[in-house]
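Here is a short note for a colleague opening this entry for the first time. Please read it with the structure in view.

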Amino acid sequence: MRTERLAARHARDVAALHGEGGFARGWEPGECAAMLADAAVVTDGVFMGSAARPAGFVMSRQAADEAEILSIVVAPAQRGHRLGASLLSAHLSRLAGHGVTQVFLEVEDGNVAAERLYRHLGFREVGRRKGYYPKSDGSRATAVAMRLDLA
Ligand SMILES: CC(C)(COP(=O)(O)OP(=O)(O)OC[C@H]1O[C@@H](n2cnc3c(N)ncnc32)[C@H](O)[C@@H]1OP(=O)(O)O)[C@@H](O)C(=O)NCCC(=O)NCCS
């Protein structure tokens, strides 16, 4: 298993993985290519063995010394084997190397795997937004805002 920075050539892989994340809105490959080419966006992938396609990715947007995690997804068949934890840990180290001291994210209330992953890496809840996420059944879910101090 290895982690590597992803580039625009991984746009289709990122779009496909994001589509497996269970989110209400998908990401088009063109949209992913634009984000991967954006100098303010930092994207890492986790690869199994010598595989050319990532088994997971995490993407953040950096602004000065803050970053926001935009998405993290591990392929369904690979979940529960600590790939997410390894990937996020490597990503946070990279962000720290870029001068980031605070990382923010939002996670849907009840997404137990993601919340556990974030808490494991040191994120703490800093607020809640009711009715933030539109769900496929027409209802809306609460977003839990979390923060990690890297300094
Ligand atoms: C969230 C996600 C990236 C985690 O990746 P993963 O490789 O399965 O996670 P890991 O194996 O590294 O486990 C990380 C933590 O989550 C826990 N966990 C993993 N799967 C779980 C599950 N199905 N139910 C409960 N906890 C789970 C692990 O026990 C571990 O917790 P611990 O550190 O307290 O022991 C993955 O489940 C995923 O892609 N989910 C869909 C997309 C998503 O919801 N992304 C987050 C959006 S905010």
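The points below go from the overall fold to one helix, the core and the ligand.

1. **Ground rules.** This is a predicted model: local features need pLDDT of at least 70, side-chain atom pairs count only at pLDDT 80 or more, and totals for chains, interfaces and linings use all residues. Residue numbers start from 1 along each chain as its sequence is written.

2. **Fold.** The protein has four helices and seven strands. Their order along the sequence is β-α-α-β-β-β-α-β-α-β-β. The radius of gyration is 15 Å, close to the 15 Å from the globule rule for 151 residues, so the protein is as compact as a globular protein of that length. Helices (H or I, at least four residues) and strands (E, at least two) are DSSP runs, numbered from the N terminus. The radius is taken over C-alpha atoms, and the rule is 2.2 Å times the number of residues to the power 0.38.

3. **Burial and contacts.** Of the 151 residues, 28% are buried. Buried means 20 or more other C-beta atoms within 10 Å of the residue's own; exposed means 12 or fewer; partly exposed lies in between, with C-beta atoms placed from the backbone. Among contacts between residues at least 6 apart in sequence, 58% join residues at least 24 apart. A contact needs C-beta atoms, placed from the backbone, within 7 Å.

4. **Helix α1.** Which residues of α1 (residues 11–19) are buried? They are Ala11, Val14, Leu17 and His18.

5. **Core.** The largest nonpolar core holds 31 residues, and Val14 and Phe57 are among those with the most contacts inside it. Such a core is a set of buried Ala, Val, Leu, Ile, Met, Phe, Trp, Tyr and Cys residues joined through C-beta atoms within 7 Å. Elements giving two or more residues to this core include α1, β3 and β4. Beyond its neighbours within four places in sequence, Phe57 contacts Leu6, Val14, Leu17, Thr43, Asp44, Gly45 and Val73.

6. **Ligand.** The ligand is surrounded by 20 residues, with Arg79, Gly84, Ala85, Ala113 and His120 the closest. Here the C-beta atom, placed from the backbone, must lie within 6 Å. α4 (112–120) is one of the elements that supply at least two shell residues. α4 gives the largest share, six residues.

Key. Two residues are in contact if their C-beta atoms, placed from the backbone, lie within 7 Å.
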